[in-house]
Structures are given as C-alpha cells and as structure tokens.
Amino acid sequence: MTSFFLSEALQQSQTRHLEDLIEWLKIPSVSSDTSKIGEVKQAAKWIADKLKDAGLSVETIPTQGHALVYAETPEVANGPTVLVYGHYDVQPAEPLELWTSGAFEPTIRDGNLYARGATDDKGQVLTHVQSVCEWLASGKPLPLQIKFLIEGEEEVGSANLERMLPELADKLACDCVVISDSSQYADGQPAITYGLRGIATYELKVQGPSKDLHSGSFGGAVMNPAIALCHLMSSMVDDQGRIQIRGFYDDVRELSAEERAAWKQLSPNDDEFARSAGAKELFGEKGYTADERRWARPTFDINGLTSGHQGEGVKTVLPAHASAKFSFRLVPDQDPQTITSALRSHLEANLPKGVTMDLKPDHGAPGMLADTESVYMDAAKAAIESAFGKPPVLIREGGSIPIVTKFQETLKCDCLLLGWGLSDDNAHSPDEKFRIDDYYRGIAASAVLWEAMGTLQPVDPFAEGAELPSKLW
Ligand code: BES
Ligand code: MN
Ligand code: MN
C-alpha cells in the first residue's frame, strides 16, 4: 500500500489499534454460556462506546437474547450504502488446559495475537471499525454511508436477529453487506469468499429402560440405547461420508465445470490441506477434491456423543439413555426444513425396537452464493490487492454464517465476504489466534475499500447509451 491518503495515519495508529483489540478480547463474551450474560453485555458496550467515541450515531437494540449493536455514519448523496456485519460473541474456550496462554488473556507470540475471538470475529470485525474511525478522524468526508450491525448471537445461530430482520429492514437498507468472518486461501494468498455452506444442527436422545441396569443381568435381553444410537448414527453415512437419508441429495446444486477447473488451479493436490488439518490421510466422497468436499458438498458430522459410564475404571452398565449432537453442512439449494423431515423419517424407520427417540432440531440456515460479477467485487479486489500486495482469488468456504442469506433475501443487497484470517487460526479451538499483520492489512484494505466503493457513482439509467451496472441502484 503506497499512495493511499490514510497510509501514514494507519501506520502511526497500529499500536493503538492493537491495544483496542486486546482490551475487547479480555471480555469473555461466550454467547452460549448463561453464566456470562454480564460479560456478553460488557463486550457489546465496549464496541458501542468505541463507535460512539468515533462520532457515529449508535443504538444498542435489545433482543430476546443478546443485544444488537447498530451504528451509522451520515447518509451520502449519490453514494452507496454499505452494511458491515460481524459478531462480538465468541465460542466457549474449553478445554482450557489446552491453551498455551489464557483464552481471555490476550498474548502476543511470533507475530500472532492469541485469544478466544481473535480471528472469530472480534479481530476481523474490528478492522472495519478502525478503518472508519481513521476516516472520520482524517477530516476527509467518507464517500459513502457506512452502517454497522454487530451482533451477539452468531455463534448460537442468530435466531433473534433473523426474527427481527423484517422490522429492521428499513434501518439496515444498503447496497452491499461487507463481512469479515472468514479466511484467506493460504498464507500469502488473500481471497474473497463467494459461497458458504448452510447448516442444520440437532440433538437426538434415545431412551431405553427407566434406569441404568446391570449389563450382566439384563444385557442381551433389553435393548441398549447407546447401541441403538450408534446404529442410528452409522445408518446416516456410508464409508465415504455419503449421506444415506432418502432424498437428501435431491436439491443439491452440482458444481460447475468452470468452478472445478478454477479450484484445481488454486491447489493442484490435497497435501497442504492434509498437513493443515494434522491428518495422516484424507477422507470423503469419491471423485471430489478436498476443497470441493468441504466447500460445495453436503456432509454429516457427529459433534458430541454421550452415554453411560465415562469415569475411571469399569462399570458394567446398560445405560438408560444415550444422546448425540450432530449437524449437516448444506449447500445451495438444500432447505434445512426439508432436510429435517427427511431425517426424521429416516430415524423413525431405522429406530431399533425397545427404545424411543426424541429429535430436537436446533438451528438451520441454507448455503449462500454471492454475485461474483458485481461492481463491489471489483472494488474489493482492488482494495485487497493494495493492502495485501497480491490480488485475491475467489473461493468458497465450508463454514456457515446463518444470517447472510436472510440479508440477501430481505435487504436485496450484494454481499462481500472478505476474510482476513488464516485456516490455521484455530477458530473454535484452543490457541485461537489472529496474525497481527493481517489485522493491520485488514484495516488498510477496509480503508481503501471505502474509497473504491465511494467512486461507484450512480448511473442515470435514462441517459443515452447508459449501462446500468449490475445490482447498483
Ligand atoms: N466465522 C464462522 C463462519 C465461518 C467458518 C466462515 C469458517 C468461513 C469459514 C462463524 O462464526 C461460525 O462459526 N459459524 C457457525 C454457525 C453455527 C454455530 C450456526 C458454524 O459454521 O459452525
Ligand atoms: Mn465468526
Ligand atoms: Mn465461529
């Protein structure tokens, strides 16, 4: 990044930007933990205050769960409006003993900042907040309006935001949503993500006898719910991970030949991916590369299994119940509710005799695809190249951001997923980190992005020879 007017100011503010992030990361805003409601509230207040101090008009919007923080800069005549979305909630940090330094004691090692939320998503969303603060402090007017929506329930499925989105639609109206909550393709190779997988999560409880039984006296004559659960779980997939539920693949959008060819160029083989996973051997559907499997194919995973004796030594017991938490990653055009009914029929048909089941769907969200040809995409490519020194590649990713398709549907806007993280940042794992230089480059890219987007002047559609850019105004 050389000639941009804010370059020097950004350079000089680096220490302060880092101190800000460290302060925010100290607040353990674990949204799923009801004992941390106060801390979640404190994290919302921290970012609301930061935006207020920079001069934005800020509102903390209560929900049935954790609050939304909304902020905006003034409207700009003839300029576009961008909505920056991110989340201030984080995943639980357990198991704590696997962290090299405390999960909520941000620590710098080898150019990285380690803490829960460093990359997912406090560090990433803060890049946009910092860049707007710098613009406002510079005295040069922002060439577009920027709105922020930073929520506290992304990691638990965004149900409250989804419910409130229709009533918030006017407030959130925008031409494009910008989200930094994903990753670069690899170290040294920035990326723009144009697709995410959807998700459907469940808890299944299998109930057997009314109490735990002696497995010698009763085993073989009473159905063991843990075995029943294992039967049910393994009935869902074959040895390549292909899902065995009738109708599951009916709506799956197949990959195009162009996409497959483009991804092949990114990574000619799967070795590097296997290394980053720490896996000796890879696994998955025949005929697909690792990127194809994790970005564009639906999958099934067991996230947790519980039953019977887990303590020290032997306890020969036939447990009374067993339960599993599991999830499907979905792709366009699969619908989570259709999947739930196909799943329910499958489980009912395969339920062993002698036990009962209770299936509870948790959250569901469809997969998303963004327009790769939009003018905003071009602006983002230029901004990323200027800050990261290399043009971004276009990728899809396998994770889910539940609210994005709802933004597309309700706000009828474009969507830019600009990930500054790295795939080995340990999101959701012990030793989560964010590379400090990527934090600074993210701030720089964001600052340039506002300038690049601001030059996207509206075209008079009635002027002679005028060509309306796709999806602009
Ligand atoms: N930032 C992630 C989403 C993500 C992960 C995007 C990897 C791209 C690559 C987000 O915070 C997340 O973890 N989402 C959850 C959603 C779930 C809890 C409903 C996910 O994907 O598991
Ligand atoms: Mn995230
Ligand atoms: Mn996450």
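What follows is a conversation about how to read some features of this predicted model.

Colleague: Before we start, which ground rules apply to this model?

Modeller: The model is predicted, so local features need pLDDT of at least 70 and side-chain atom pairs count only at pLDDT 80 or more, while totals for chains, interfaces and linings use all residues. Residues are numbered from 1 along each chain as its sequence is written, chains are lettered from A and ligands numbered from 1 in the order in which they are written, and side-chain values use heavy atoms, with hydrogens and water left out.

Colleague: Let's take the open sheet of 4 strands; what is its strand order?

Modeller: Strands of a sheet pair through backbone hydrogen bonds, either parallel or antiparallel. Here the order is β11-β13-β9-β14, with antiparallel pairing. Strands are DSSP runs of E with at least two residues, helices are runs of H or I with at least four, and both are numbered from the N terminus; two strands pair if DSSP finds at least two bridges between them. β11 (299–307) and β14 (356–365) stand at the edges with a single partner strand each, so one side of each has no neighbour in the sheet. Neighbouring strands are turned by 15° against each other on average, direction ignored. Axes for such angles are lines fitted to C-alpha atoms, for helices over the stretch in contact, and the angles run from 0 to 180 degrees between N-to-C directions.

Colleague: How many bridges join β9 to β13?

Modeller: There are 10 bridges between them, and one pair to look at is lysine 205 with serine 323 in β13. β9 (residues 198–207) is also joined to β14 by 8 bridges, with leucine 204 partnered by leucine 359.

Colleague: Which strands does β8 pair with?

Modeller: β8 (residues 191–196), with 6 of its 6 residues buried, pairs in the parallel sense with β16 (residues 393–397) over 5 bridges. Alanine 191 has valine 393 as its bridge partner there. β8 also runs antiparallel to β15 (residues 368–369), joined by 2 bridges, and leucine 196 stands opposite methionine 368. Alanine 191 is buried at 1% relative accessible area; its contacts (heavy atoms within 4.5 Å) beyond four places in sequence include Tyr185, Ile384 and Gly419.

Colleague: Now the ligand: which residues are closest to ligand 1?

Modeller: Of the 15 residues that surround ligand 1, the closest are Glu154, Asp181, Arg329, Ser400 and His428; a residue counts as near if one of its heavy atoms lies within 4 Å. For polar contacts, look for a pair of N or O atoms within 3.5 Å; within protein, one must be able to donate a hydrogen and the other to accept it, and residues adjacent in sequence count only if both atoms are side-chain atoms. An oxygen atom of ligand 1 is 2.7 Å from a side-chain N or O atom of glutamate 154, and for arginine 329 the distance is 2.8 Å. The protein covers 85% of the 520 Å² of accessible area that ligand 1 has on its own, by the Shrake-Rupley method with a 1.4 Å probe; for residues, only the protein chains shown count as cover.

Technical notes
Buried means under 20% relative accessible area, exposed over 50%, partly exposed in between (1.4 Å probe, protein chains only).
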